Amino acid sequence: MEALYERLRAAAGLQSGDGAVRVVAEYEPVGGPGSPIFPPTVKVKATDAAGYLVEPRWVDGQQVDVVLLDQRQSQANRCETALLAAIEREGTFIPHLALSTQAAGVDVRVTSLEAPHRSRDAYFRDAMDADNQPFDKTEAGAGLQAASAGDLRAYLRWVPSDLVYGVWDSHRKRRIQVKIPRAYSSEMVGVAPLAGKRAAGRMDPLNLPGEVVQVTSSGWQFTDSAKKNTKDKSQAKLSELGHGMIPPSEGLGGVAVKAVQRTATLSMAQLAGLRFGDASPEFCAAGRALVGAVALLGDRLAFAAPAIRLRSGCDLVLVSERIEWVGRGLDGRPATEPLELASPEQARALFEVAVARAEAAGVEWPKKAVELQPAPGLQEAIRRSFEVTGIGESESE
């Protein structure tokens, strides 16, 4: 691992021929090739209806359609979730923020590895420490507030994963907002998708009537109306409240694809662009290598398993995978070399070397999360989110 660390350290400063780490993996549905899988549904702009994201790409030199199975943001979230799970098992620690409270007798906890905007999320902007000091006034908060593209030491110290997956401080009014591009990127697509169809509906064992009812805060009751008044928001059909039949209708039925591919990259150019103010060259080199080691650890924790579930109806088994250094090209093609880092254990060993070397270079690496609690307004909003405020509409199955 020492030799691998030295190579990563040199690459992260663009001091060698290595320009990136790339992971190329192929999967197939657990049901076998050709079995339908379900991509995420989106509202298609052209039709204003639910659909899948399909676009043309070059695959093996041929133009083919691909369907998006898991976008970059989702893949990053999977890595962050895997890192958080490793932290909670106490086998690994990566500095992060954690907001904890209780609402309706339920423990609530949100970390910077889960929040949509990571450490710059409104959850932490509207938080305070145990002394009721606003987060932005605490040591960690003030450090992150003062950070800039030219000095990211506070991010490296308190929330290094932000440097891996990118962050944008869009929830605070500043003339110059901190916006850090992602160093790690991953995506999964299905090649040459064939759209399927399915009948969606709902059966009722008692075949309750689908009559119009009046909905109140305490429940609902039958009315004499034979037809729903669309202008009266308090009226609903019984089937909309989860009772009665919903006749089957044609719906999205997933896709059959020729292949499922995942491509992930760790950009050495982005790591080399991380600036740490007036820190020593040794600090900067070790800090960049540490960010790279966090990225590789997250990838291996999230994707080294033999199978993965993207969502209901999209369970995939790993067929092949290669991890490689991508370097300066020769004869019109980049040079590639295998990177032996297939397992989470190997990635964790590299990460531990990187932490030790970074601390020796002066990088401060806290041993516990920055613990916060909601400010009063946020606490009330969280409390209200646990209230039952009425009867929701039923969806077909």
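Here are a few questions and answers on ring contacts and strand pairing in this predicted model.

The model is predicted, so local features need pLDDT of at least 70 and side-chain atom pairs count only at pLDDT 80 or more, while totals for chains, interfaces and linings use all residues. Residues are numbered from 1 along each chain as its sequence is written, and side-chain values use heavy atoms, with hydrogens and water left out.

Q: Why is the aromatic pair of tyrosine 165 and tyrosine 184 called edge-to-face?
A: Phe, Tyr and Trp rings (six-membered ring for Trp) pair if their centres lie within 6.5 Å, with planes under 30 degrees apart stacked, over 60 edge-to-face and the rest tilted. Here the centres are 5.9 Å apart and the planes make 85 degrees, so the pair is edge-to-face. The structure holds 4 aromatic pairs.

Q: What makes tyrosine 165 and tyrosine 184 buried?
A: Buried means under 20% relative accessible area (exposed is over 50%, partly exposed in between; 1.4 Å probe, protein chains only). Tyrosine 165 has 3% and tyrosine 184 has 5%, so both count as buried.

Q: Why are strands β13 and β14 said to pair?
A: Two strands pair if DSSP finds at least two bridges between them. β13 (residues 212-216) and β14 (residues 219-222) share 4 bridges in the antiparallel sense, so they pair.

Definitions and conventions: Helix = DSSP H or I, 4+ residues; strand = E, 2+ residues; numbered from the N terminus.
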